[in-house]
Structure formats: structure tokens, C-alpha cells
Amino acid sequence: MGMQEPAIVVEDLHKTYGATKAVDGISFTVGLGEIFGMLGPNGAGKSTTIEIVEGLRVADSGVVTVLGLKQPRAARAIKSRIGIQLQTTSLYPRLTVTEILDLFHQFYPNRQTLSTEQLISMVDLSEKKDTRSKQLSGGQKQRLSVALAMVNDPDIVFLDEPTTGMDPQARRALWDVVEGLKRQGKTILLTTHYMEEAEQLCDRVAIVDHGHVIEVGSPRELVQRHFSEIAISFQAPDGADGYQALAGASHAVREEGKVTVYSNDAPRTMAALLERESVNGGALRDLNVHSATLEDVFLKLTGRALRD
Amino acid sequence: MPTVLSLYVANMKEFIRDRAALFWTFAFPIVFIVMFGAIFSGSGSHTYNVGLVNQDDGPVSATLANTFEHHVSSFDVKSGDFDTEMNALKQGDLDLVIVLPAGLSQTVAAGHTAQAQMYLDPSRSPTDAQTAESIVSAVLDGYNKAAIKATQPLALNVNSITSHSLSSIDFLMPGILAMSLMQLGLFATATPLVSLREEGVLRRLGATPLPRWQLISGQLLMRLTIGLVQAALIIGLSVSMFHVHIQGNYLALAGMTVLGALSFIGLGYLIAAFAKSVESASGISSAVNFPMMFLSGVFFPVALLPAFLAPVVKALPLTYLADGFRQISVGGTPLFPIWVDVAVLAGWGIVCTALAARFFKWE
């Protein structure tokens, strides 16, 4: 069996808005059946990139291939094969969940679609099937928009910040839905600025900042590539410095009031840290010891925190 | 079910389930017609309440008085003295007062021109004032001609083909009908469309393979339905409550409604194409709505406007729609031949729609 063609290929994408270079040479590949995440803070260029791949925007330059077809020339053909989850809170506010799904079926005349019943149970909205969309909660509206993205039983599903503004329960409910999609063999491209989301869901992650892809790899790979160390973080007053000189420490990063010391020998570094603080008469606040996460990777690679 | 039809049904459901929109869309023209109808309709034929002050005691004034009292069917004449009648006129109990001054018969007998006086208040109803004046003039004219005693080469025999004379509500109804279609195109089209764009709905629909023309058609059919229902309400109420008599055929009326609606919906699309926000769409719609309301012959004939405004009047599409409706429904005096009305409205509709299609932004 030969190599399967990738689901998405993005080559050297560029897009400028006025004075802002939103996308500055982004390239990546998404394989069939994987969940691929673009992780980065707001304004990193993730949404613009995904919109270009979806065909909602046109790039200034670069090549985008989706399921072997090129954007934007084959946009119409691509649209019938992909599902796009967009946050529209006011799509037909007075139609019920069932009515909206039925309507969207009409937009895919040439395609085998999933029935409205299947879609409703897939996103766990059975109790709300006759509820008007404006009466749904935020989390329920997001699940409806995922259902809408699935009407045409797409090969690729695009999710743009799918759990923004959701409470932890709703977030987990949505993650279950996404994992269910993967089990069905769908390819998923999502953007997020939540580290846990990327770690939980994604097979591979591209770290994006300022319009660039900085690194790509599975969440585990990315962490292991950069950190064999443990991270020790705490609140330190301004001016306090020199933490990387602590015993066992490899380097330290300060982000405003918070210092993170990375160490290969956590017990030794902890001891050294505590001694230093007691000598200086200070107390360590918000002390936290953890193995590195994608957040740490991001911090290390860009010098900035993932969250606003 | 074809996709356009599904979209149409979805749009109609969305509209009907919005009770506020439903109310305003249909209550507004109903209120207008009922208000104007109640104020301006009579029993159907307009009778003038006339006060006759005969200060003369000669044969000429006697003949004239007799003519006014018994031979002018639309005059309901009461005789009285000057002060009483003038008071009544000022109170609004009379429409006009005719004064035949002392010495009138003598002046005529002596071969000189005698002046009869007529008092009225044109501000109360300009159209009625003109009509009353011409009736009185005609009576005097008739006397003049009879006095010369020559055989007149021509005489006019007037046959009324309407069952009753034109009342103000007959004039107003077509104007209000035209106005409600204009507002359908402006406020009920432009603003909601921009709102859909602002909320990202257009974009969400654009993310599907749905062709844009189908999306627009679904919207268009819905607005057209609303326009036709509004028209039916306005015409129905005018005919049943206020005895407006529809002369033309209802098919032509329906056709004019569809044409007018499409024309103004096209204008609404054009505004939505360029307006960057809901507020801006609303503002532009108002800026277009108000001049047309007052300059297009909706509430009063355009002949009453000053001459320098004539080019403006001719440039406004509402002028042609109101004129077209007036001609078809009540047989009012045409401003333009009906084919001109149709052509101008069709032209406006096509040009606006073409420009809108070219420049519309979906995000």
C-alpha cells in the first residue's frame, strides 16, 4: 500500500492586513485521520491561517492543498467535503435545533449526509432538539455549531477555538465529541490557545506566534525535546535575580512577577532555593513544582506566556 | 424541496416567530391608513358647506343665489348675514363663504363688471380649495355666458364615471401603499442584511457550498411576501372601512406592488452593500426615506411643491410608484404615462440590484 496523500498541505502562506503581517510564511502538513492543533496566543495568526485553508479568505501568497484540491480555485468542491465550525451565536435564533440542521442538509445536495437525528445524538443535544437556538446555553450553541459542521459527513472538520468561553464541564463534553469524530476516521484541524486542549486532544501540535510556525510535533515530543527538566515556579519580587545559578538549575525564565526555574535535579534546586529565600528573609509565594507542559515549551520558545 | 424554497420557509418562520417585527411590519401601515382614513374620508362624495351672504336685492344676485342653492349638487348652502357666516367659516363649520355685495345687480345693469367675493381657508385642504374656486368660477361664468345671449359654439357635458367624487383618502391610499413598500425595501431589508453580516451569519452560510444567489433569493421571496401582505392589508382596509373605490384591475395592482417592492428591495440591497454597520444602514435608510416621503406625492400632490424642486421630484423612484398606484387604483390624474412609471421603477430595480451584486461584502 502506497503512502496516503495528506489531508492538508500548507506551503509558505503569507497574509497581510493593512500594516499587520498576520501570516508570515506558515507551512505545515496534516495527515489523514489525525487531530492537528495550532497552539498560540490571540493574534498569532491561527484564525487567519485556518480561514485560508477553509477557503473563507484568500492568501496573498502560498499554496494550500486540501484533499488533493487547491484553494481557492476548487473552493466549492472543497466546501462540500469539509465541515467548518464557526462561532455564530445568532444563526436563525428562532428556529429550533432540528429545523436548522434540516435546513443545512439542503446546502449539500450532492453529498451523502448524516441524518439530523444522528447529528443531534452525536453532539448530545437530544434534550434540546426542539429548542430555539437563541435559548441554548453557550456550550450548547457550540455543540450545535459542531453538529452543523458535520452535516455533510465531512472528511476534514475545522474547529476554530471550539471551547472558548466554555466552563470546564462543557469543555470536556466537547472534547468527547471531538474524540468521537477521530474514532470515525475524520481528520481534524483545530486552533486553540488552551494548553490543556492541545495536550488532551491533539496528535500533533504546531506552535504558532506572530504569524510563524515555531515548531511542530506531538505534545509529548515537544516537551521532551525541550525539557528533561522539572519546572519550579514562584512569585518573586522585582529585581530578584540570578536564579539560574541555583544548584542543579539549567536556566530560569521570568514572566512579570513569576519566575520559573528549570532543573534536572529538582530536590537539589528546591533545597538551594529554600535556603536562598530563608537567608534573604523572604517567603516563597505560589510555589509550584511540575514537569514541563506545552505552556513551558511556548514560554521557552517565545519568551511569552500562552495566556493573555 | 428545492433549496430556495427551504430558505424561504426558514426566513418566514424566523420572521413570524418574531412578534415584535410582526407587529411593527403590519401595524404601522394599518395605523397609518386607519388614522388618515378617519381624518380624511367623508361619506364618499365631498359636499362643501357654503355660507351665502346676499347683501344685494337685485335680480342678478337673486339668480346667482338660486343657482348656488339649488343647482350645484356638491354645495350645501345656508344663507345668513356677513358676520355670522364669516364666524362660522373661521370656526371651521363652513368650507367657504360667498358674498354678493350690495349694488351688484345695479352695477351689472349699468354695463360694468361687478365683483362677487369668495372667502375660504386654503390651508385646511388645498385640493378642496382649488376645486371650490373652480366651481364658483364656473357658476359665474355660466351667468356671464347666458347674459351675452349668443349661442355658444361649444358646451361641455360632464359625465362622472366614478360612483362618487374623489375624496382625500382616495388620493392618500396609493401614496401610503407606495410608502410602505419603500420602507419595506429600506428598513426591512437593508438593516437586517447588514445585521446578518455583522453577526457572521452570512459568513457561516458562505462556508457551505450554498450558491449566493440562492441565499439572496430566499431572502427576496420572503420580503416580497411581506410586501404583498402589507399591500393587501392597506387596500383591504381602505376599501372596506373608507369606501375607497378601486377602479383598475387587481392584477395590475398586484403587479405594481411586486414591481415597486422589487425596486425598493434592490435599493435596500445597494445600501446594505455599502453600509459598514447597522447604524450606518439605518442612517442611510432614514436619509433616503424622509425626503421621498414628502417630495413624492405621498401625502399631497406634487403640483403643490415649488417649481425649483421639480427635478428632484422627477429623480425620486417613489414619485413614480405613487403615481402608478394612483392611476391604477383610483384613476387619479397621472403625472406620467403608466409605462413611464413601470420603466423607471424597473430601471431603478435593475441598476440597484446589479450594483449591489457587484459590490456586496459578505463579511
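Predicted model: local features only at pLDDT ≥ 70, side-chain atom pairs only at ≥ 80, totals over all residues.
Where does helix 7 of chain B bend?

1. **The bend in helix 7 of chain B.** The helix bends at Gln183(B), by about 30°. Its length still fits expectation: at 1.5 Å a residue, the 31 residues (168-198) should span 45 Å, and the end C-alpha atoms lie 44 Å apart, which agrees. Of those 31 residues, 27 are buried, so the helix is largely enclosed by the rest of the structure. Have a look just past its end too, where Gly200(B) takes a positive phi of about 80°.

2. **Domains of chain B.** The assignment gives domain 1 as 3-41 + 166-359, and domain 2 as 48-148. Taken over C-alpha atoms, the centres of these two domains of chain B are separated by 45 Å.

3. **Chain A as a whole.** Chain A has 10 helices and 14 strands, and its C-alpha trace spans about 75 × 45 × 45 Å along the principal axes. Of its 308 residues, 42% count as buried. If you take the contacts in chain A between residues at least 6 apart in sequence, 68% of them join residues at least 24 apart.

4. **Domains of chain A.** Here the division is into domain 1 (8-223) and domain 2 (228-291). The centres of domain 1 and domain 2 of chain A, again over C-alpha atoms, are 39 Å apart.

5. **Where the chains meet.** The contact draws 18 residues from chain A and 16 residues from chain B. On the chain A side, helix 2 (75-81) and helix 3 (97-105) each supply at least two residues. Helix 2 of chain A gives the largest share of that side, with 3 residues. By class, the side of chain A that touches chain B has 10 nonpolar, 4 polar and 4 charged residues.

6. Is Val97(A) buried or exposed? With 28 other C-beta atoms within 10 Å, Val97(A) is buried. Leaving aside residues up to four places away in sequence, Val97(A) touches Ile120(A), Leu125(A), Lys128(A), Lys129(A), Thr131(A), Ser133(A) and Leu144(A). Leu181(A), which is 84 residues apart from Val97(A) in sequence, is 20 Å apart from it in space, C-alpha to C-alpha.

7. **The hairpin of strands 12 and 13.** In chain A, strand 12 (residues 249-255) and strand 13 pair in the antiparallel sense over 6 bridges. Within this pairing, Val253(A) has Thr260(A) of strand 13 as its bridge partner. The two strands form a hairpin with 2 residues between them, and Glu256(A) in the turn has a positive phi of about 55°.

8. **Val259(A) in strand 13.** Val259(A) belongs to strand 13 (residues 258-263) of chain A. Why does Val259(A) count as buried? It has 20 other C-beta atoms within 10 Å, and 20 or more is the cut-off for a buried residue. Beyond residues up to four places away in sequence, Val259(A) touches Ser233(A), Phe234(A), Ala236(A), Tyr243(A), Ala252(A) and Arg254(A). The C-alpha atoms of Val259(A) and Glu275(A), 16 residues apart along the chain, are separated by 17 Å.

9. **Backbone geometry to check.** Most residues other than glycine have a negative phi, and most peptide bonds are trans. The peptide bond from Gln71(A) to Pro72(A) is cis, with omega near -10°, and Pro72(A) lies in the loop between strand 5 (69-70) and helix 2 of chain A.

10. **Two aspartates with positive phi.** Asp124(A) has a phi near 60° and sits in the loop between helix 4 (116-122) and helix 5 (138-149) of chain A. With 16 other C-beta atoms within 10 Å, Asp124(A) is partly exposed. Asp286(A), also not a glycine, has a positive phi of about 55°, but its place is in strand 14 (residues 285-291) of chain A. Asp286(A) is exposed, with 10 other C-beta atoms within 10 Å.

Note on methods:
Residues numbered from 1 in each chain as written. Chains lettered and ligands numbered in written order. Contact = placed C-beta atoms within 7 Å. Helix = DSSP H or I, 4+ residues; strand = E, 2+ residues; numbered from the N terminus. Nonpolar A, V, L, I, M, F, W, Y, C, P; charged D, E, K, R; others polar. Domains from an automatic or database assignment. Expected span 1.5 Å × (residues − 1). Bend = angle between axes of the 7 residues up to and from the residue. Buried ≥ 20, exposed ≤ 12 C-beta atoms within 10 Å, placed from the backbone. Pairing = 2+ DSSP bridges.
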